[in-house]
Amino acid sequence: MLEELSIRGLGVIEEASAEFHPGFTVLTGETGAGKTMVVTSLHLLSGARADPTRVRVGHEKATVEGRFRLVNPLVEGETTADPELAELLESAGADVDDDDSVIAVRSVSADGRSRAHVGGRSVPVGLMGRMTSRLLTIHGQNDQLRLLKGSQQRAALDRFAGKNVAKSVRAYQKSRTNWLDLSRDLARRRASSRELAQETDRLRFAVDEIAAVDPQPGEDIELVATIRRLSDLDTIRTAAADAQRTVAGDVSADGGSVIEGLGHVRTVLETSGDDTLRGLLPRVAEALAVVTDIGDELTAFVSDLPTDAGELDQLLNRQAELRSLTRKYAADVDGVIDWYATATARLAEIDNPAESIDELAAAVEAARDDVAVAAAKLHDQRVTAAKSLAKKVSAELLGLAMGGAALVVDVRYDVVGTPSGAAEADNPNDVSGEESGSDEPTVSVSAPEGSVLAHAGVEGVDVVEFSLRAHADAVPLPIARSASGGELSRVMLALEVVLAAPEGGSIMVFDEVDAGVGGAAAVEIGRRLARLALKHQVIVVTHLPQVAAFADNHVVIGKNIGGSGKRSPGGHTSTVRTLSREERIGELARMLAGLGDSDTGRAHAEELLSTAEQYRSVRKEPNAKETTV
């Protein structure tokens, strides 16, 4: 529920605020007073694009602040906020007050920069829109024009159908995406079949060449070290043998070894009676252990040296084989091995292009069949929902002074070669019916007249068309061709009433949706809005006194010419204030005939307001039946 709204520096409003209450609130005022700016401010809080030209002259920025109550007092037993909304607020770090209210602020600077804050936290404008859209819906005359478009009519039907159709739409879209992806892959394969065959030959030759050599990880590095050693084998052997004899000794050589010398030193020190000399024994033992290890390693090294000179030739030949691979495929043997693995995987993917294309073509056909099945299921659900929607909206039209009129919701396949009701024209009133885009894919679906080829659009294969039947014997005609402005307003209102969640909870704003309506029809609109306000907070901008009289709260937008605003003295400013009952009578009299001080006008206004009050009191009683006003 919207509790408070503050506006600063927006259009003709320099600074104004208003408190809103549960139920039905009406906004009235003279033309140009600023009623549109109030709706504009709510659009801004809904995340709409900011227009810097709306910033009031003399102000650096326009600011709109709204306080929203997350728990609707009109809904009996509701104690917690919408879980999805609560999750969004928590993810943004927004602070929710103890009374379950949150403050949303939107500012627009004169240079076009926009800022959004929710619960004291700066948030992206899009996130603010996602949050407030869970609470607030705004309907204006532009929505009536959009309702003339087939895509908007389909969206309204899907919204009415609820979660089951939404689930089917997602399943259809998933199947369609898979089908189109496979189709594009198949087209690429067919277009590049020659290139794939050539690539296959190149990869197969390279894979066979590498497999024949069978390189091992790090083999090239080991070969370099081994070949270097074998190239100077005699010198290495002599040096290693001399070092081995010096360290470990040789029974055939003259003189003793280092090991023998250290052993002699250890014996001398052990037999010495001097403590200092005996203190050297641990270090001598340590040196003896190190020298013994060196001797063992030298002995093993000499033993491992090859004795066959032909081994070097074999290693050089192996090195040449590896170098032939590294020249072609990678900088080293490890790189060649990685390239081999990649090439093998690619070869497995594209080997035998003809067979691969046939398999992919079969997969495309299977995916297309899946799309057809999903589309048929979605179509059947829409047909069922269309009958229920038409029945409920027609019932609402009966209560809006359109007795005998009925809404007909037609759901049919978007058959190739026929004018599509879903075709979008630049002019929403253009219903000449252009053919659906030929670039859209098509699927075969079963229709009463047999199998037909239908355009498979993003939202399905259906054309949804709203028609109005003026009376029982009339032929239904598309609302774009048959409905007057007043009738379209009432169809729009009836549709919104039906689409509104039965459990309530939303804030519904109507901006002059009663345009083109007057007399008894206006009274019926006021009555219906009052009933809608039993479960929803309803805010209506209107010029009709018949509608305004049924409101629980009446807010007037006043216009001051030559105001005393600090930033724009002498300019046009607006004020916002809530009227008392006596003030409402004067405002209703002004709306009736422009004679706010006329006794006759006030008498008519008093009668209208009293009748509406009597209706509201009856409607609020449990099990109240409809009465005639």
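How many helices and strands does the secondary structure of the protein chain come to? In this predicted model, the chain has 21 helices and 17 strands, taken as DSSP runs (H or I, at least four residues, for helices; E, at least two, for strands) and numbered from the N terminus. Residues are numbered from 1 along each chain as its sequence is written. Local features need pLDDT of at least 70 and side-chain atom pairs pLDDT 80 or more, while totals for chains, interfaces and linings use all residues; side-chain values use heavy atoms, without hydrogens and water.

**View 1. An open antiparallel sheet of 6 strands.** Here the strand order is S2-S1-S4-S5-S6-S7, where pairing requires at least two DSSP bridges between two strands. Strand S2 (13-19) and strand S7 (121-122) are the edges, each pairing on one side only.

View 2. Helix H3 (residues 125-133) packs here, touching strands S4 (61-69), S5 (101-109) and S6 (114-118), with contact meaning heavy atoms within 4.5 Å. The directions of H3 and S6 make about 45 degrees; axes are lines fitted to C-alpha atoms, for helices over the stretch in contact, and angles run from 0 to 180 degrees between N-to-C directions.

**View 3. Asp100, with a positive phi.** Most residues other than glycine have a negative phi. Asp100, in the loop between helix H2 (83-92) and S5, has a phi of about 60 degrees. Its relative accessibility of 34% makes Asp100 partly exposed (between buried, under 20%, and exposed, over 50%, with a 1.4 Å probe and protein chains only).
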